[in-house]
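The exercises that follow are to be worked with the sequence and the model side by side. Each gives a task and then a solution in steps.

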Amino acid sequence: MNIRTLNRRTMARRGIAGAALGAVLLSAAACGSSGGDGSEKARPKADSALAGLVPADIAEKGTVVVGTQPDFEPANFTPIGESEIKGFNVDLMDAMAAKLGLKVEWQKVPFDQLLIGMQSGKFDAAIAGMTDRKERQAQVDFIDYQVAGTVFMVQKGNPKGITSEVDGGCGIKIGDVKGSDAKRLVDMMAAACVQAGKPPTKLVSFPSSSDKNLALVSGRVDAMFWPDMAVSVINRETDDKLESLPVNFEPKVYLGMTFSKDDSELRDAFFAALEAIHEDGTYDEILKKWDVEVIDLPTPGINLATS
């Protein structure tokens with residue numbers, strides 16, 4: 001399903017006017033928001049028409065419970081010595097919720113528990129850089145709001161001689177977070193290697209991004225997959241002990257926030273809010289703040305993945 005029919009004409013009918021949008025951005029500038037440092041940014045004002053789309057029980061509470069694994073900078077992370085979750089995913093979700101007259105209550109959960117938490121009703125939505133896949137759409141609905149490319153991260157000098165092709169890492173160990181999309185890619189690599197008469201690629205799972213990063217730096221794994229928009233972050237975090245190379249067998253994918261398939265009303269309200277922050281410039285401002293313009297998806301949609 002794709003609600004692109006809820007488009008800019010619809011938003012215009014709901015009265016999202018340029019003057020009000022400009023006021024939001026001026027207010028944000030007055031609060032001194034700048035740079036990807038997680039500094040405070042003024043919340044967009046609630047839109048009464050959009051707020052009317054929120055399910056009554058959530059509107060009455062005034063909060064929406066959102067699950068995330070806060071270990072991936074610059075998307076969703078908790079800086080050392082702090083307790084507050086920050087990142088562009090946090091800013092985007094907060095901005096959408098504000099348009100709906102809501103505040104976000106964040107719940108920190110392991111990545112592989114996000115889908116389970118959605119289905120069990122532990123939280124109302126989740127946002128953590130999850131790849132939209134057709135098989136996942138059977139469990140939850142995605143609002144796709146960004147695209148992501150993938151690279152290999154390897155030790156400096158690429159001691160294993162890994163290449164960008166699907167059979168360019170035969171016999172190596174690839175580390176990733178449990179429940180991530182890496183298994184699909186490793187399976188592709190392993191199949192290509194076996195077909196070529198070479199040892200298969202193996203996947204080693206870790207509970208968090210920091211664990212897998214440490215495993216690569218220490219040599220317990222030989223490579224890991226990494227979003228192209230965050231190479232500078234991982235290089236900084238590992239004191240430039242790693243380098244990247246392209247993954248030629250994986251096209252860019254859609255990443256989405258997820259909602260229960262039983263709660264299309266809340267999903268549709270957030271989709272309308274996402275359209276609104278695209279229109280008023282808030283989406284672009286957040287991506288610029290965190291230096292991640294490469295993830296821009298100009299036309300968001302619902303369950304856009306076809307594979």
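A residue is called buried under 20% relative accessible area, exposed over 50% and partly exposed in between, with a 1.4 Å probe and protein chains only. The model is predicted, so that local features need pLDDT of at least 70 and side-chain atom pairs count only at pLDDT 80 or more, while totals for chains, interfaces and linings use all residues. Residues are numbered from 1 along each chain as its sequence is written, and side-chain values use heavy atoms, with hydrogens and water left out.

**Exercise 1. Determine whether Arg267 is buried or exposed, and describe the helix that holds it.**

Step 1. Arg267 counts as buried because its relative accessibility is 4%.

Step 2. Arg267 has its place in helix 11; helices (H or I, at least four residues) and strands (E, at least two) are DSSP runs, numbered from the N terminus.

Step 3. Helix 11 contains 16 residues and reaches 22 Å from its first C-alpha to its last, close to the expected 22 Å, where the expected span is 1.5 Å times one less than the number of residues.

Step 4. Of these 16 residues twelve are buried, so helix 11 is largely enclosed by the rest of the structure; among them are Phe270, Phe271 and Glu275.

Step 5. After helix 11 comes Gly281, with a positive phi near 90°.

Step 6. Although Arg267 and Ile302 are 35 residues apart in sequence, their C-alpha atoms are 9.0 Å apart in space.

**Exercise 2. Work out the strand order of the six-stranded open sheet, and find which helices lie against it.**

Step 1. The six strands follow the order 4-1-5-12-6-13 with mixed pairing, two strands being paired if DSSP finds at least two bridges between them.

Step 2. Strand 4 (103–108) and strand 13 (296–302) are at the edges and have a single partner strand each, so one side of each is left without a neighbour in the sheet.

Step 3. From one strand to the next, the twist averages 25°; axes are lines fitted to C-alpha atoms, for helices over the stretch in contact, and angles run from 0 to 180 degrees between N-to-C directions.

Step 4. Strand 1 (residues 63–68) and strand 5 (residues 125–131) run parallel and are joined by two bridges, and Val66 stands opposite Ala125 of strand 5.

Step 5. Helix 5 (residues 88–99) packs on the sheet, where it touches strands including strand 1, strand 4 and strand 5, and its direction makes about 145° with that of strand 4; contact here means heavy atoms within 4.5 Å.

Step 6. Helix 11 (residues 264–279) lies across strand 1, strand 6, strand 12 and strand 13, and runs at about 160° to strand 13.

**Exercise 3. How many aromatic pairs does a search of the whole structure find, and what do two of them link?**

Step 1. The search finds five aromatic pairs. Rings of Phe, Tyr and Trp (its six-membered ring) pair if their centres lie within 6.5 Å, and planes under 30 degrees apart count as stacked, over 60 as edge-to-face and the rest as tilted.

Step 2. Phe72 and Trp226 make an edge-to-face pair, 5.1 Å centre to centre with 75° between the planes. Phe72 belongs to strand 2 (residues 71–72) and Trp226 to strand 10 (residues 223–227), so this pair ties together parts that are 154 residues apart in sequence. Phe72 and Trp226 are both buried.

Step 3. Phe152 and Phe249 form a tilted pair, at 6.3 Å between centres and 55° between the planes. Phe152 is in strand 7 (residues 150–155) and Phe249 in the loop between strand 11 (242–246) and strand 12, so that distant parts of the chain, 97 residues apart, are linked.

Step 4. Both Phe152 and Phe249 are buried, and ring pairs join Phe152, Phe225 and Phe249 into a cluster.
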